[in-house]
Amino acid sequence: MSEMKPNDSPTSEGEEKDWAAAKAFFENLKTTKPRPPKPRHAVTIAVSSRTLFNMVAERKIYEEEGVEKYVAYQVEHENEALKPGVAFPFVKALMTVNAKLRELYPDSEELFDIVLMTNNHAQVGVRLINSINHYDLTIERFCMTGGESPIGYLKAYMTNLYLSKDSEKVTEAIEEGIAAATMFTSGTGYELSDTQLRVAFDGDAVLFSDESEIIVKQHGLDSFFEHEKEFENQPLAQGPLKCFLEALGKLQRKFYAKNARLNCPIRTFLVTARSAASSGARVLKTLRSWGLEIDEALFLAGAPKGPLLQKIKPHIFFDDQMFHVEGAKELGTVAAHVPYGIGQKYHKGKLIEQPAKEK
């Protein structure tokens, strides 16, 4: 997993001139919309069109009648705004944080930059643009790949987090070292904060590697507790979403520097099935060794996560195990699956039978 940006190469003199010209262009425009930040300074969130907007009906046309009918339908309805999707409140919360950062740091480029990353055809782009403008979303950068996978462009867009409804693309992104998750629509839903971005993470195989989870699955809890005690002072290896927590922490510290810790518009949560006394110290010491803070840490000792998440009301909750994701979304939480680690071979603690390989 990369430590910060997927592309951390030095900026060329030509690129600096290009950005200076772009800055001058935006400053000369008569618009209230802020200009996008430089990707190398920003925390870039790539969202698919089906996570940003509710496209269930359109998807059905695509699957049942084919791509030509789908594109024709989108063109015919391009002046009708799409309804908000599962990632919509999350994107709005990112914009809220940006507005507060701009108040404190008017010239700063360290902001969230939201990119629409979709395999839609360019003809569908007009409806997507109209929908974004309808809701006054600050999304200026698009990637529409006309049926091809957009994953190859994630590094070029310097993506910190990729959210999609396509689990195969998410898996591909994680294999490329990019933080990614598959989003699911919650069952009932509840009102989310419009003043604070709230992000909840599982620990093992999300923020951390799956090294400890392997021991649980293969040798049981007693061996796991012994292992965690023995290696309490040895930091866990990083997991697929460590870099996203790191990026959130970087923006949080900008508020702390202005004495705004108590009303910081970003709040992070660790929601783990680990027991605090038996295996919690290593987790907290790992975060400390990384120089990262988590605002709230909840150790559930195997209890269901859904009821606690109802109290937290995060804009997004990341977990590597589908039964935790399912339990969370049934109680109204916007949950996202991180397909990483040994947990993908198990469901509710039981090994999923793998298809036999052909000889």
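**Notes on a cavity and a sheet**

1. The second largest cavity holds about 40 Å³ of space. A cavity here is a set of points on a 1 Å grid over the protein atoms alone where a 1.4 Å probe fits but cannot get out; points are joined across faces, edges and corners, and the volume is the space filled by probe spheres set on them. The whole structure has 2 cavities of 30 Å³ or more.

2. Please keep in mind that this is a predicted model, with local features needing pLDDT of at least 70, side-chain atom pairs pLDDT 80 or more, and totals for chains, interfaces and linings using all residues. Numbering starts from 1 along each chain as its sequence is written, and side-chain values use heavy atoms, without hydrogens or water.

3. Around the second largest cavity you will find Gly249, Gln252, Arg253, Tyr256 and Glu293 (lining residues have an atom within 4 Å of a point). This lining splits into 1 nonpolar, 2 polar and 2 charged residues, with Tyr counted as nonpolar, Gly as polar, and Glu and Arg as charged.

4. Now to the open sheet: its 10 strands run β5-β4-β1-β6-β7-β12-β11-β8-β9-β10, with mixed pairing. Strands are DSSP runs of E, at least two residues long, and two of them pair if DSSP finds at least two bridges between them. β5 (141-144) and β10 (296-299) each have a single partner strand, so one side of each lacks a neighbour in the sheet.

5. Threonine 272 has phenylalanine 299 of β10 as its bridge partner.

Terms used: On a 1 Å grid over the protein atoms alone, a cavity is a set of points where a 1.4 Å probe fits but cannot get out, and a pocket is an open set with protein on both sides within 12 Å along at least five of seven lines; lining residues have an atom within 4 Å of a point. Helices (H or I, at least four residues) and strands (E, at least two) are DSSP runs, numbered from the N terminus.
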